[in-house]
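Please read this briefing alongside the sequence and the 3D structure shown below. The points that follow are grouped by topic.

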Amino acid sequence: MTLSRSRRVRSVVLVVVLIVTTLLAVVGCAVNPATGRRELSLLSPEQEAEIGREGYGAVVAEYGVYDDPALAAYVDSVGRRVARASDLPGLSWRFTVLDDPAVNAFAMPGGYIYVTRGLLAHMGSEAQLAGVLGHEIAHVTARHSARQLTQQTLAGLGLRIASAISPEFEPYSGLAAQGLGLLMLKYSRDDETEADRLGVRYSAVAGYDAREVPGTYRTLQRIAERGGQSLPSWLSTHPDPGDRAERTTRLAAEAMAQRKDARVGERPHLERLRGLVYGEDPRYGWFEGDGTFVHPVLRFRMRFPSDWRTEHTHTAVTAEASGGAGLMQLTLARESTGRSPSEQVVAMSSAGRIASSQGAAERLGEWPAWIGRVSVSDGQGGQSPMVAGWVRVSSAAMLQVMGRGQSPGDAAERQVEAGIRSIAPLTDAAALAVRPNRIRVVPASREGSFRSVWTGMGDGLLPAEEGAVLNGLQVEDRVAKGRLLKVVDRPRLP
């Protein structure tokens, strides 16, 4: 016997209603603190805070904290001032400056707010920084991240950081991976509109001049439009719901209509940026044209296949052959203090992280190594064979390289093994002495167009167009004598 179409539809609807009713009975509808709306949420405030705490360690490991206590204290003070004006002033807010050149800021549930040094470099005043922090604070108070997690859970989609090699070698798991995964999600246009509205209000209530906010969006858009430059990371996860500069101009005018003595803080902000690292920091390594990765702090070099796509962060260097025909990952071995490479393999086998191994101890010049093949979990109940190597490059550091091709012993796996055997001491004096480029803050020596003033400062600077974006100006804008400008020497790598 079969049901009629209408009866089948009614049955499906009934099941859906029962599921939703059950969910509501279990988790309830939480009141959004910023909007007053009642919303279905699978996360309690306590769970949101736990995701933020666990995710913090993963974010710091992935991006690194920028080592400048005075700058960190400055950002924290601005953030806390804005947070006190938000709809959740009693939350345990935490503001962190990340050592990353990308122009980015993001929020995690529980009050964890991050800004990169790349974004700080492009902010022209304390009020602009307050506007950015207000926007991120709004994502937390309006529970936008929690809503995304709820929607993903209801849709059956899990958040995880997929390792290019094997789940056994993922650096993060559980809530840490879930929190880090939030950074890769895009907010909806409605979420962005709401965060703009709330963020402008928060910064204005905190005593900042919200009319500085639109300039931030104009700068972000100019970075995106500059030839040869990638889209700012902030724009990739915070989509523009229309003409953001125009809309925030209206919002700021409304927020400031009855306010006087609002703080801009241009000079104090610029003074805080003195010495800020600008662009990529070569101390964390770089790729040369032939695929050689150079790391001056750990004092080693390693050759990657020149036609593989590569990228590197604070925690890993990854390489992928065209079409995924080969993968390779370079990291520091965890929990390796006091062990030789061979002892590290034994320890990982005993811990169950390696199912089997076949290789031998050898030396790469003066460095002890173990190179061979291992078998690790593929995350689906099976085993995945890998080419692997561990190289002790100092008493404090051991390199770990894992890679695979499409079949054992193929060309890609031979390239992985060749990469491991290419690891050698870095001896080039210029490479070892490399230092990052830093922002200098100097007064304009004369009046004139930005282009003419910039050109008159001497050789070796950034191009005038990039310098203008950095300073929030157009190249033909008039610059008064004595105006403070952010100056960066043209990046130089060995």
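Predicted model: local features only at pLDDT ≥ 70, side-chain atom pairs only at ≥ 80, totals over all residues.

**Strands, sheets and helix packing**

Strand β17 (residues 439-443) pairs with β20 in the antiparallel sense, and the pairing runs over 5 bridges.

- Within the pairing of β17 with β20, which is antiparallel, Pro 443 has Leu 484 in β20 as its bridge partner.
- Strand β20 (residues 484-488) is mostly covered, since 5 of its 5 residues are buried.
- The covering of β20 applies to both faces, with Leu 484, Lys 486 and Val 488 buried on one side and Leu 485 and Val 487 buried on the other.

- Strand β9 (residues 309-312) and strand β10 (residues 316-320) pair in the antiparallel sense over 4 bridges, and the two strands form a hairpin with 3 residues between them.
- In this pairing, the bridge partner that Thr 310 has in β10 is Ala 319.
- Strand β10 also pairs with strand β11 (residues 327-332), again in the antiparallel sense and over 5 bridges, and here Val 317 has Leu 330 in β11 as its bridge partner.

**The open sheet of 4 strands**

- An open sheet of 4 strands has the order β6-β7-β8-β16, with antiparallel pairing.
- The edges of this sheet are β6 (286-287) and β16 (424-425), each of which has a single partner strand, so one side of each is left without a neighbour in the sheet.
- Strand β6 pairs with strand β7 (residues 292-295) in the antiparallel sense over 2 bridges, and Phe 287 has Phe 293 in β7 as its bridge partner.

**The packing of α5 and α9**

- Helix α5 (residues 126-141) packs with helix α9 (residues 213-225) at an angle of about 85 degrees, and their axes are 8 Å apart.
- Angles of 65 to 115 degrees count as roughly perpendicular, and α5 and α9 are therefore roughly perpendicular to each other.
- The residues that meet are Gln 128, Gly 131, Val 132 and His 135 in α5 and Val 213, Gly 215, Thr 216 and Tyr 217 in α9.
- The residues of this contact between α5 and α9 divide into 3 nonpolar, 5 polar and no charged.

**The buried residue Asp 196**

- Asp 196 is found in helix α8 (residues 189-205).
- Buried means under 20% relative accessible area, and Asp 196, at 2% relative accessibility, therefore counts as buried.
- When its neighbours within four places in sequence are left aside, Asp 196 is in contact with His 135, Tyr 217, Pro 241, Arg 244, Arg 247, Thr 248 and Leu 251.
- Among these contacts of Asp 196 are His 135 and Tyr 217, of which His 135 belongs to α5 and Tyr 217 to α9 where those two helices meet.

Terms used:
Residues numbered from 1 in each chain as written. Heavy atoms only, no water. Axes fitted to C-alpha atoms, helices over the stretch in contact; angles between N-to-C directions. Parallel < 35°, antiparallel > 145°, perpendicular 65-115°, else oblique. Contact = heavy atoms within 4.5 Å. Nonpolar A, V, L, I, M, F, W, Y, C, P; charged D, E, K, R; others polar. Pairing = 2+ DSSP bridges. Buried < 20%, exposed > 50% of the residue type's maximum accessible area, 1.4 Å probe, protein only.
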